[in-house]
Every structure is written in C-alpha cells, then in structure tokens.
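Okay, thanks for coming, everyone. Let me put today's structure up on the screen, and then I'll walk you through it.

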Amino acid sequence: VRDVGAEAALEGVDPLLCDDGEIHETYRRLSKTLVHFGTQSGQDRRVGLDHEWVKTKTGFRLFSARSDISNQLAALFCRTPDGMLITDRLRTDADGHVDFKLPKSSECIINTVFLFPPTASSSWHSDWVSIFFWTDP
C-alpha cells in the first residue's frame with residue numbers, strides 16, 4: 001500500500017480477514033504497448049480501458065473512466081542499451097500529466113496502481129495500469 005501511494009485506502013477500513021486468517025485481493029492488469037512501423041509514428045489515443053495511460057507531446061497522461069487522474073503516484077522503469085536500469089517515482093499533476101526526461105534508445109514502462117478497499121461482500125481489489133514503450137535514439 002505504501003509503495004503505490006494508496007495509504008488513503010486504509011483510512012477507517014477494516015481489512016476484512018477471511019476465514020483462513022488472510023487478507024485476499026483480486027486484481028487485473030490494464031496495459032498498453034506503444035509501437036510504430038516504418039519511419040513514421042502515429043499519435044497515441046485512448047483505446048477504452050477503464051484506466052489508461054496516453055502518450056502526449058510532452059509526457060504521459062493518466063485517465064480513469066472519462067476523467068484524468070491528479071496526484072496519482074506512478075513508477076517509471078527504463079532499461080538502457082547497456083543494460084542499466086533507471087527508476088523514478090512520479091506523481092501526476094492536476095491534469096493527470098507526468099513529464100520527465102527519458103534516456104535515449106531505452107525500453108521503458110510506467111506503472112500505477114489503483115487500490116480499492118473491500119466492501120461488506122468483497123475483498124480488496126487493485127487495478128495495475130501500465131504503458132510500455134521505446135524511447136527515441
């Protein structure tokens with residue numbers, strides 16, 4: 001919970017231990033990979049996922065349903081051509097954007113997690129939302 005910046009989901013919530021004494025969580029992964037063919041690249045757009053990253057001219061924008069998501073903690077991971085792993089913690093601004101300097105010719109992924117507390121009839125649920133892309137040389 002702390003790692004994904006979702007401490008607020010714990011406020012005033014009973015963890016609802018199951019009969020086996022464990023806390024159970026369901027999850028789903030909502031992921032996109034950006035690719036282009038030939039010498040031209042297109043523009044990223046929403047494809048209809050419940051939660052979704054979209055590449056913009058200056059960075060990336062996070063959406064949930066029809067709204068952008070402000071103040072959401074995210075993680076960036078990039079592997080450079082020499083095998084070095086670069087990581088960074090990001091937080092979306094008021095418009096759901098994150099802007100950052102990317103290493104050249106690298107494979108990168110941005111990930112964020114939406115954590116939903118249990119209700120009287122359900123367990124914890126999380127949505128893991130990522131976008132995978134390659135940076136320009």
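Predicted model: local features only at pLDDT ≥ 70, side-chain atom pairs only at ≥ 80, totals over all residues.

Residues are numbered from 1 along each chain as its sequence is written, and side-chain values use heavy atoms, with hydrogens and water left out.

Strands here are DSSP runs of E, at least two residues long, and helices are runs of H or I with at least four, numbered from the N terminus. Two strands pair if DSSP finds at least two bridges between them.

Back to β3 and β4. Across the pair, F63 has D68 as its bridge partner in β4.

Now look at the other partners of β3. Strand β2, residues 51-55, runs antiparallel to β3 and is joined to it by five bridges. That's a hairpin as well, with four residues between the strands, and here E52 sits opposite F63. Then there's strand β7, residues 97-98, antiparallel to β3 over two bridges, where F60 faces V98.

So is β3 mostly covered or mostly open? Covered: four of the five residues in 60-64 are buried, and buried means under 20% relative accessible area, using a 1.4 Å probe and protein chains only.

Zooming out, the protein has nine strands and zero helices. Of its 137 residues, 34% count as buried. The C-alpha atoms fill a box of roughly 55 × 35 × 25 Å along the principal axes.

Five of those strands build an open sheet with mixed pairing, in the order β1-β9-β8-β5-β6. At the edges are β1 (25-33) and β6 (85-91), each pairing on one side only. From one strand to the next, the twist averages 20°, with axes being lines fitted to C-alpha atoms and angles running from 0 to 180 degrees between N-to-C directions. Within that sheet, β8 and β9 are antiparallel and share ten bridges; T112, for instance, has V129 in β9 as its bridge partner.

What about the inside? The largest nonpolar core has 18 residues, and W53, F60, L76, F100, I110, I131 and F133 touch the most other members. By nonpolar core I mean a set of buried Ala, Val, Leu, Ile, Met, Phe, Trp, Tyr and Cys residues joined through side-chain atoms within 4.5 Å.

Last stop: which cysteines form a disulfide? They're C78 and C108, with sulfur atoms 2.1 Å apart; the cut-off for a disulfide is a pair of cysteine sulfur atoms within 2.5 Å. The pair links distant parts of the chain, with C78 in strand β5 and C108 in strand β8, 30 residues apart. The torsion about their S-S bond is about 115°, so this disulfide is right-handed. C78 counts as buried because its relative accessibility is 0%, and C108 does too because its value is 1%. A search of the whole structure finds one disulfide, and this is the one.

How values were computed: Buried < 20%, exposed > 50% of the residue type's maximum accessible area, 1.4 Å probe, protein only.
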